Amino acid sequence: MKTIDQIYINGQFLTPHGTQQQELINPTTGQLATRVVLGDAADVDAAVAAAKAAYVAYSRTSKQERMAILQRLHEAVAARSEELVQVMVEEYGGTLAFCRASVQRAANSFLQTKQLLETFDFVRTAGSARVVLEPLGVVGIITPWNSSYGFICSKLATALAAGSTAVIKPSELSAAQTQILAECLHAAQLPPGLFNIVNGSGEIVGNAITAHPDIAKISFTGSTAVGKHIARGAIDTLKRVTLELGGKSPNVLLDDADLDLAIPTAVAAFTFNSGQACLAGTRLIVPASRLEEIKQRIKVAVDALKVGDPANADTQIGPLVNAAQYARVQRYIALGTEEGATLLTGGAGHPAGLENGYFVKPTVFVNVRNDMAIAREEIFGPVLSIISYDSEEEAIAIANDTVYGLQAYVSSGDQARANRVAAQLVAGRVFINGLYDEPLAPFGGFKQSGIGREFGTYGLEAYLEPKAMMGYSASNEIY
Ligand code: NAP
Ligand code: MG
């Protein structure tokens, strides 16, 4: 069993002031894996003080200095990528393929942000005014467990690119991943205090960050419920917030879609990251005229998925992260039947032979109405609702009839038609005829999927405050 009893403040691994402990279970085996000592509000105070002190010099660094730091962070994370993958597979239960991609994305986020800096203008003009984009101050970063390295690295990269320093509260469920990632980041030998990491519960450490008067902005990824709580708490000090929250993303299959492409896309979209993904395409909106054919193909594709030990290279779905997540998904599977939906495949309980860990059966419901809870609420497991429509207008209306607006998918054999429908979907990202990865594209949601955008220019600007200067002489450039 691992014991994690240190946090990272001012360039050093320290024993936290907090003494509360939490036990983490290996999701694949159900065995006790890690005991983690949680920080408390005094630890947050120490971390914020370190970040605030470091901010004085760091906020004045040049683009070149920040780019050099991002390069070092990239190298430090990339240097231990195989170990990072192993720890993630073991602690989180993500499949080997997912964890490899996730670690690579985490390491590359520093490089992409460095690249972005090369051409990013911190100084602009508005009429006769000189407008300087200045860092906000100390940033609080609060992340979930479903891709821990990626969230921490991309948010940290953006904060540092902007000239901010950071206090990070990862999910306590990711303690072993946090430990090895912190070791990597430490190896980059940055000036002390640029980033600080405090393990701890949302209730204590998360709330302390939200309330802290010396934190200027919070970047949060997680549930919509907690996002709203943070936004409310942030008001007292008028913190800026970037919130990446939940989704119930529609996947619209138009009646001319090429099913050889659209069905594998639909299956990947709801089972990606074992279904624990905010952008999962969990509502498959299909033409009634092709329902039978689509049902048949979906069932064949889902039944062929390999659920099992995430360390096996051919596993496509691993366990869910913990007992609470397993129970949540079971609750929704039961609810689907109670609400009158029909089970196409999957259903309650563990897949045969996988009774020890938090494995669930990839599950598909048909005859789902868009007003059922399984079509409205984020389940965060591999559960798909198939909803049928009679006209394109109805398909678009169903797709947009949700409180969320993070992501949408559309498939059509006619590109112009796909474009037309995509333009009408209310979502921060729309994928047309496939799955894509564009790290420079803005990411974030309409409606209750969040506030603000991450990544690329839009993400960086969310960490900057414009300052208009009039009567400024450009002869003494500081940027
Ligand atoms: P969560 O409760 O929203 O947690 C996300 C992060 O916020 C964690 O670090 C959490 O810490 C922290 N937190 C919790 N309460 C807080 C508070 N009062 N103030 C400040 N920070 C707080 O998500 P979760 O418990 O990990 O998962 C629950 C559900 O959230 C999932 O079933 C899913 O629906 C959704 N979710 C969405 C995403 C996404 O990418 N959009 C990611 C993960 C989860 P603790 O873990 O210590 O409470
Ligand atoms: Mg939680």
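**Burial, rings and fold**

Colleague: Let me start with one side chain. Is W145 buried or exposed?

Modeller: W145 is buried, at a relative accessible area of 14%. Buried means under 20% relative accessible area, exposed over 50%, and partly exposed in between (1.4 Å probe, protein chains only). F380 is also buried, again at 14%. One caution: this is a predicted model, where local features need pLDDT of at least 70, side-chain atom pairs count only at pLDDT 80 or more, and totals for chains, interfaces and linings use all residues. Residues are numbered from 1 along each chain as its sequence is written, chains are lettered from A and ligands numbered from 1 in the order written, and side-chain values use heavy atoms, with hydrogens and water left out.

Colleague: How many aromatic pairs does the whole structure hold?

Modeller: First, the rule. Rings of Phe, Tyr and Trp (its six-membered ring) pair if their centres lie within 6.5 Å; planes under 30 degrees apart are stacked, over 60 edge-to-face, and the rest tilted. The search finds nine such pairs. One of them is Y8 with F195, stacked at 5.0 Å centre to centre, with 15° between the planes.

Colleague: Where in the fold do Y8 and F195 lie?

Modeller: Helices (H or I, at least four residues) and strands (E, at least two) are DSSP runs, numbered from the N terminus. Y8 sits in strand β2 (residues 7–9) and F195 in strand β10 (residues 195–197), so this pair ties together parts 187 residues apart in sequence. Both Y8 and F195 are buried. Together with F13, they form one aromatic cluster.

Colleague: What geometry do W145 and F380 show?

Modeller: W145 and F380 pair edge-to-face: 5.5 Å between centres, 80° between planes. W145 is in the loop between β8 (138–142) and α5 (148–162), and F380 is in the loop between α12 (373–376) and β17 (383–389), so the pair links parts 235 residues apart in sequence.

Colleague: How do I read a helix face? Which residues of α7 are buried?

Modeller: List the buried positions, then see what they touch. In helix α7 (residues 202–211) they are V205, G206, A208, I209 and T210. Contact means heavy atoms within 4.5 Å. Those α7 residues pack against α1 (41–58), β8, β9 (165–169), β11 (217–221) and α8 (224–234).

Colleague: Zoom out. What does the chain look like overall?

Modeller: The protein chain has 15 helices and 21 strands. Its radius of gyration is 23 Å, close to the 23 Å from the globule rule for 479 residues, so the chain is as compact as a globular protein of that length. That radius is taken over C-alpha atoms, and the rule is 2.2 Å times the number of residues to the power 0.38. The C-alpha box is roughly 70 × 60 × 40 Å along the principal axes. Buried residues make up 57% of the 479. Of contacts with a separation of 6 or more, 72% join residues 24 or more positions apart.
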